[in-house]
Structure formats: structure tokens, C-alpha cells
Amino acid sequence: MAAKVSQQSRPTPPPTRQSVAVVDATDRRLIELLRTDARRSVSDLAIDANISRANAYQRLTRLKDSGAIRRFTVDVDHRFLGDTITAFVFVDIDQHAWRTVADQLTQLPGVEYVALTTGTFDLMLLVRAADMETLRDVVLERLQSMPEVRSTQTSFVLEELQR
């Protein structure tokens, strides 16, 4: 199955309560249309959202400027790129080091996504690798060698389903 991938970039900081943009049903429709095809023209978006082209353009600009739309991505089947192994790696860390560790984890090879979580583990990573040896290197050699990392647990993805 194909999975959504974004270009390697620094994560956008989460919005603060004051910076959260209010979106209406038309904004949500534009976003949904872009999720199915981010290369759609503004004219096509306007037609499908039943609004004028100028209104669609203004709304898209506002959504991008406010951070509601952070970036446009490409849907990639990672098998074609040679990444045949996908895993979620759950990480337990020293509590005082979460900011530093989270930033370091985004730099590890194959790490596509890092999330702070609640529960048994502090962080969840989505890791893609060409083979088991590459994943082993990321988890055992790089991740577990970080002094702030207490433990890890890896779960392999058997299949990815698209919405």
C-alpha cells in the first residue's frame, strides 16, 4: 500500500490557542479536495467547492498563511523506493530530555514521523528501512545508544491502509 510522505523538513511548531485559525465548511471542503490531489488547480478547486476562483485563492492563501495548511506532500509507495520495512518504534526516555531527544530523533535515518505520546512510552516513531539490518542499526546502534533513551519497543507494520 502507498503511504503519505512529506519532504524532510523541520516540523512546524504546534499552534498555540491564540493562533488556531477558525475554518468553516468551505475551508474544510478545499482541504479535503487537496488531500485527494494537492496538484489541483485553483480553478478546479473553486468549481468543486462551488465558490469563485478569487474566493478559493483567498481562502487557500489564508489557510497557508495561518498554518492550517503546512505543506503539500506526495503520496509515495515506499516499496518502489526500496524501503520494504515499516515499523513503529515506541521510546521511553528520561523526562527532562524530551525536547532534545525529540529533535535528535527527527534526524535519524528513516525516521519519518515523531510524536510525543501518553501512556507507557513517551515517544512514537514511524521508521522506514530498506531491510532488517538497516532497521536494526537505527534502533540498536543509534537510538538505544542515546543516554536519554531508557527503552524501546518495535512493532512492524504489516499493511498500510489509505483513507
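Modeller: Helices (H or I, at least four residues) and strands (E, at least two) are DSSP runs, numbered from the N terminus. The model is a predicted one, in which local features need pLDDT of at least 70 and side-chain atom pairs count only at pLDDT 80 or more, while totals for chains, interfaces and linings use all residues. Residue numbers start from 1 along each chain as its sequence is written, and side-chain values use heavy atoms, with hydrogens and water left out.

Biologist: Which pattern does the protein follow along the sequence?

Modeller: The protein contains 5 helices and 6 strands. Taken in sequence order, these elements give β-α-α-α-β-β-α-β-β-α-β.

Biologist: Over how many bridges do strand 3 and strand 5 pair?

Modeller: Strand 3 covers residues 85-93 and strand 5 covers residues 123-129. Ile85 faces Ala129 in strand 5, and Val91 stands opposite Leu123 in strand 5. The two strands pair in the antiparallel sense, and the number of bridges is 7.

Biologist: Which residue of strand 6 stands opposite Ala87?

Modeller: Strand 3 also pairs with strand 6, in the antiparallel sense and over 7 bridges. The residue in strand 6 opposite Ala87 is Phe156.

Biologist: How many residues of strand 3 are buried?

Modeller: Buried means under 20% relative accessible area, exposed over 50%, and partly exposed in between (1.4 Å probe, protein chains only). Over the 163 residues of the protein, 31% count as buried. Strand 3 is mostly covered, and of its 9 residues the number buried is 7.

Biologist: Which residue in the turn between strand 4 and strand 5 has a positive phi?

Modeller: Strand 4 and strand 5 run antiparallel and are joined by 5 bridges, and Val111 has Val127 of strand 5 as its bridge partner. The two strands form a hairpin with 6 residues between them. The turn residue with a positive phi, of about 100°, is Gly119.

Biologist: Is Arg128 buried or exposed?

Modeller: Arg128 belongs to strand 5. Because its relative accessibility is 6%, Arg128 counts as buried.

Biologist: Which residue has a positive phi although it is not a glycine?

Modeller: Most residues other than glycine have a negative phi, and most peptide bonds are trans. The residue in question sits in the loop between helix 2 (42-49) and helix 3 (53-66), and is exposed with a relative accessible area of 72%. With a phi of about 60°, the residue is Asn50.

Biologist: What distance separates the C-alpha atoms of Ala38 and Val74?

Modeller: Ala38 is in the loop between helix 1 (25-36) and helix 2, and is partly exposed with a relative accessible area of 27%. A contact requires heavy atoms within 4.5 Å; not counting residues up to four places away in sequence, Ala38 touches Phe72 and Thr73. Ala38 and Val74 are 36 residues apart along the chain, and their C-alpha atoms are separated by 8.0 Å.

Biologist: Which residues does Val23 touch, not counting those up to four places away in sequence?

Modeller: Val23 lies in the loop between strand 1 (3-5) and helix 1. Its C-alpha atom is separated by 8.6 Å from that of Ala68, 45 residues apart along the chain. With that sequence limit, the residues touched by Val23 are Arg28 and Leu63.

Biologist: Among contacts between residues at least 6 apart in sequence, what share joins residues at least 24 apart?

Modeller: The count covers contacts in the protein between residues at least 6 apart in sequence. The share joining residues at least 24 apart is 70%.

Note on methods: Two strands pair if DSSP finds at least two bridges between them.
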